[in-house]
Structure formats: structure tokens, C-alpha cells
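Please read the following report alongside the sequence and the model.

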Amino acid sequence: MPDYHDEVTRHRKPDWLKIKLHRSEEFGEVARIVREHGLHTICSSGRCPNQAECWSRRTATFMILGDICTRSCKFCATATGKPLPPDPDEPRKLARSISLMGLKHCVVTSVDRDDLPDGGAALWAESVRAVRELNPDTTIELLIPDFDAREELIDLVADARPDILGHNIETVRRLTPQVRSRAKYEVSLRTLAHIARRGLTAKSGLMVGLGETDSEVLEAVDDLVEAGVQILTIGQYLRPSLRHLPVAEYVTPEKFAWYKEQALARGLRYVESGPMVRSSYMAEKAMRSCRTPK
């Protein structure tokens, strides 16, 4: 049963969190391609509030390695359990779908696959190579698991040379044990630092509204900057179901603007910060920004 806090937050969701639906012809076309090619997207499995908007712009964030995660983070709507074996034909299907959509910038993420000896790193690398071969003019952004900060696994993916290589830290240091099931704050920082050392553009994401303080958010930003992160997204945590963590606060658009100002002042190259921002929201803008000299 929901507690009092759940009832309050459910019925007092602010106006700035209302979603406009964009069910256009483009939305239907993207949905058809995803369905016909047996692809998974974090847009659907993660119940992203921007799915209609992004699909109507003919963009989607693809999810490889199946749709069942081996971790059970308290914020995430993706199913958890025992995954099926990876589909060896998935890189080809992914590349073909990106070609059919005519994407100039693609974003690929995955579930965590702690059941696999390499965490899925080899299939990640093969996916980049397949997309690059069929879509040589498409820029590629990856949002990878932490791989337990094993450098040899991160290197497998980095060697495929995606244009952006991201990993989300998700929340502040103090809340990490409550929010994430296995991932650790320092492990995520080590993963990001190794990405940056490899000379790739490192990207990360934070959720707010889980009970963090402003000083904790800024501490996380400082940690990310020190790790070499160049791109950051900051968005509002929205509870997927009553089984997940409750929302502690609906952060105002003004506070998100302040977070962006503070993060840029600390040395980040590009920041997308707002109530509806998610990891891949407006990702093509970040890509263009990083290609433009400061």
C-alpha cells in the first residue's frame, strides 16, 4: 500500500512535469522499425517521458543485450531477472535499423549483464563496428554499464572508437547505496576516468529529487569534472511504480537552471539540465557542441 508521502507526491505533481504527446507519422514509423527488427529501446523499457517527442523527431535510444537486467536498482523500470543469451545478430539488426531511420546521431545503451564473463563488452564493440560500417556518416554515442571498472572490458568498447562514451553516476555519493543495487559511486567514477584517459568524450547523468542537497549535487559535479567528464545531463527522478523509491522533491525549473550554471562554471563543456531531461535527451546537440571549438 502507498504511504502518505506517496499520495502527496502523486497528486501534487507540478505543471512543469506535464508531458505533451507527439504521436506523429514519424512516431509510427520509428515504432514500426523498432518492432519489425526485434529491437529493444530504453525509451519503452525505461518508460521515458520523452519517448513520443523523440520518436517524432526520428530519434531513439537503442538498448542492446536484451531487455532483462541482472541488477535491480530502486529507480529503474527495466525488468530484472535472468536474461536470455545475447543475440549474435543484434549488431547487424541495430545497424540496419539506424540506416532505415536515417539517423545522423545514434545513442545505444544496454541492461547490465553481470551474468556474462565480459559483461557484454565484446558485443558492445561489435555493435559500434557494425553501425560504423553501414552508417559511416552517423555519429555514435554509447551509454555503458560500469563493467565493475575493469579496464580491459572498458578498453574493448573504447577501442571501437565511439564518438561519445558515457556512463551514468545516477545520484550523489550518500544516496548511491539506497538507489543503486550493485553499482558503487567510486566504481562509476573510475569507469568514467578511464574513458577520459582513453581520449574519448566522457558523458554522465544525474537524477535529482531523491533527497539530495544542493551541496551534494555540486560535490558530484566536481567529482565528475575531476574524472574528466565533459558532458552532463541532470533530470528529475520520476517514480516508475509504487515498488520504486518515492520522489522526495519535485525540483523547480529555476533550480535546474542554477545547476546548469554551476556545472558549466566548474568546467563541463556541455550541460543539459531540466525536469524532463534524460541521458539521451537532445544528445545530438551535445555532439555538435563537442565538435565545436571552445
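A residue is called buried when its relative accessible area is under 20%, exposed when that area is over 50%, and partly exposed in between, with a 1.4 Å probe and protein chains only. By that definition, 53% of the 294 residues of the chain count as buried. The model is a predicted one, in which local features need pLDDT of at least 70 and side-chain atom pairs count only at pLDDT 80 or more, while totals for chains, interfaces and linings use all residues. Residues are numbered from 1 along each chain as its sequence is written, and side-chain values use heavy atoms, with hydrogens and water left out.

Helices (H or I, at least four residues) and strands (E, at least two) are DSSP runs numbered from the N terminus, and the chain has 12 helices and 10 strands. A contact means heavy atoms within 4.5 Å; among the contacts with a separation of 6 or more, 75% are accounted for by residues 24 or more positions apart.

Two helices can be set side by side, where the expected span is 1.5 Å times one less than the number of residues.

| Helix | Number of residues | Span, first to last C-alpha | Expected span |
|---|---|---|---|
| α6 | 14 residues | 20 Å | 20 Å |
| α10 (residues 214-227) | 14 residues | 20 Å | 20 Å |

In α6, the buried residues are Ala 121, Leu 123, Trp 124, Ala 125, Ser 127, Val 128, Ala 130 and Val 131, and they pack against β2 (61-64), α5 (90-101), β5 (105-110), β6 (139-143) and α7 (151-158). In α10, the buried residues include Glu 216 and Asp 223 as well as Val 217, Leu 218 and Val 221; the buried residues of this helix pack against α9 (185-197), β8 (201-208), β9 and α11 (253-265). After α10 comes Gly 228, whose phi is positive, near 100 degrees.

A nonpolar core is a set of buried Ala, Val, Leu, Ile, Met, Phe, Trp, Tyr and Cys residues joined through side-chain atoms within 4.5 Å. The largest such core has 68 residues, and those with the most contacts inside it are Trp 124, Leu 142, Ile 144, Phe 147, Val 157, Leu 165 and Ile 195. Its largest share, seven residues, comes from helix α6 (residues 121-134). Leaving aside residues up to four places away in sequence, Leu 142 touches Val 108, Trp 124, Val 128, Val 157, Pro 162, Ile 164, Leu 165 and Gly 166.

Strand β9 (residues 231-236) holds Thr 233, which counts as buried because its relative accessibility is 5%. Not counting residues up to four places away in sequence, Thr 233 touches Lys 203, Ser 204, Gly 205, Leu 206, Glu 272, Val 277, Arg 278 and Ser 279.

With a disulfide taken as a pair of cysteine sulfur atoms within 2.5 Å, the count comes to zero disulfides. Cys 69 counts as buried at 9% relative accessibility, whereas Cys 76 is partly exposed, with a relative accessible area of 26%.
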